Amino acid sequence: MTSANIRPMDSDEIIKAKPTSTDYMEIGSSGLVQNGGMIRDDFLRQLQGRQAYANYREMADNDPVIGAMLHSIEMMIRSVDWSVEPIDDANEAAVREAEFISECLTDMSASWVDTLASIMSFLVFGFSLHEIVYKRRQGFTQDARTRSRYNDGRIAWRKLPARNQETIQRWDLDTTGGIKGAYQLDPYAIRKAEVYLPIEKCLLFRTTSKLNNPQGRSVLRNAFVPWYYKRRIQEIEAIGIERDLAGLPVALVPPQLLSNGATADERAALDAIKQIVRNIKRDEQEGVVFPMAYDPDTKQPAYELKLLSSGGGRQFDTDSIIARYDQRMAMTVLADFLLLGHEKVGSQALSVSKIELFTRSLNAYLAEIAEVFNQYAIPRLLRLNGVSEELAPVLTFTTPKSIDLGQLGSFIGALAQAGAPLFPDQDLENYLRGVAGLPTGQAEEV
């Protein structure tokens, strides 16, 4: 059949399917591995429950490479400019609500930058849960529930406090895997009781929503295995260095102390000597008190303590092994450009391309933060103020960029030589000044 023979069907010829009751129901479930609201989705036991939080926290706080990775991500996200854009620039009501939301972001008890920093903890733990606390704007009052820089009586955000990931005991999930809330138990709180946090009163930031897992997935998940082996090798290396400096302690004792017929006093003496051997350290309090006794038959010392030094080199280079694990950890978040200068390899072009790839990957985290505000926080706040959600503004951000000024200058020069009318152009000049970190100029009055 050719296209010429095809004609649109009349409305009478179309058979409309009637929806059934199951069409409006969710029959299946997400398949998330959980037991009573406790997530057990990771196949490694070290990355389940409280043990996962402890491991991720140790990785972020103790490892210098992971610390540099997270610090670079946080600093770049902190430098991003955020703005609230009206849904319709031509609608005065929409513009007014955009100004209201912008005021709310800067009128909380914690600054927007500090709030953003607390949200960034979802990178380490996979999620960040924040409770929404509201207030009524009644000027500079003594009551925190009404204190504000504005006095219009509208409801605004008072603060968005984070709830420590390690205090989240379990999640409240429905039969299909939907998130209804979380149960928190803070052992350091004055009221040591389990508290229920409904999801309608919270903002949940996640690195990923795969299987609707409320705990997301830590950006350090793929770095766990190299971090685990790196830490073990560092411990073995430290022990080896200490033994090389101090020597391997060896105690020579009479055979009677090692025999099955040793008396209780002889066994106690052997245990004491073993304790001395185990505790030998090279420090400011080093020293050993040892008995001086001679064998009556051989006239040789019955007890002797000496240190054996290990000669020769090592078969394995721990520096290269640790450097390999450092590189693999940095690769998991596309931050291996941090190691380019340390290894004395890598060109400038390679570093620029890696940094550009890294900055582009940050857009996903920024988009997640903006999406949570646009989909949940802002519409809820407008509803409390009796405003239609159709006027809800949008929280946006500027995409982080790493611009090579040399390449940009060459590009501008090539355009100018080709005869492109670039100047005078105040907007272009201000953009170039901003990229170079120079103060912007003002247009001359004609």
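This note comments on a predicted model of one protein.

1. Basis. Local features require pLDDT of at least 70 and side-chain atom pairs pLDDT 80 or more, while totals for chains, interfaces and linings use all residues. Numbering starts from 1 along each chain as its sequence is written, and side-chain values use heavy atoms, without hydrogens and water.

2. Overall content. The protein has 12 helices and 14 strands; these are DSSP runs (helices H or I, at least four residues; strands E, at least two), numbered from the N terminus. Of its 446 residues, 34% count as buried, meaning under 20% relative accessible area with a 1.4 Å probe, protein chains only.

3. Contacts. Among contacts (heavy atoms within 4.5 Å) with a separation of 6 or more, 64% are between residues 24 or more positions apart.

4. Surface. The protein exposes about 28,100 Å², of which carbon and sulfur atoms supply 53%; the areas come from the Shrake-Rupley method with a 1.4 Å probe.

5. Thr-115. This residue lies in helix H4, residues 112-119. Thr-115 counts as buried because its relative accessibility is 4%. Leaving aside residues up to four places away in sequence, Thr-115 touches Met-108, Ala-110 and Leu-160.

6. Sheet E8-E9-E10. In this order, 3 strands form an open sheet with antiparallel pairing, where two strands pair if DSSP finds at least two bridges between them. Strand E8 (168-173) and strand E10 (195-198) are the edge strands, each pairing on one side only. Strand E9 (residues 179-184) is joined to E10 by 4 bridges, and Gly-181 stands opposite Pro-198 in E10.

How values were computed
Buried < 20%, exposed > 50% of the residue type's maximum accessible area, 1.4 Å probe, protein only.
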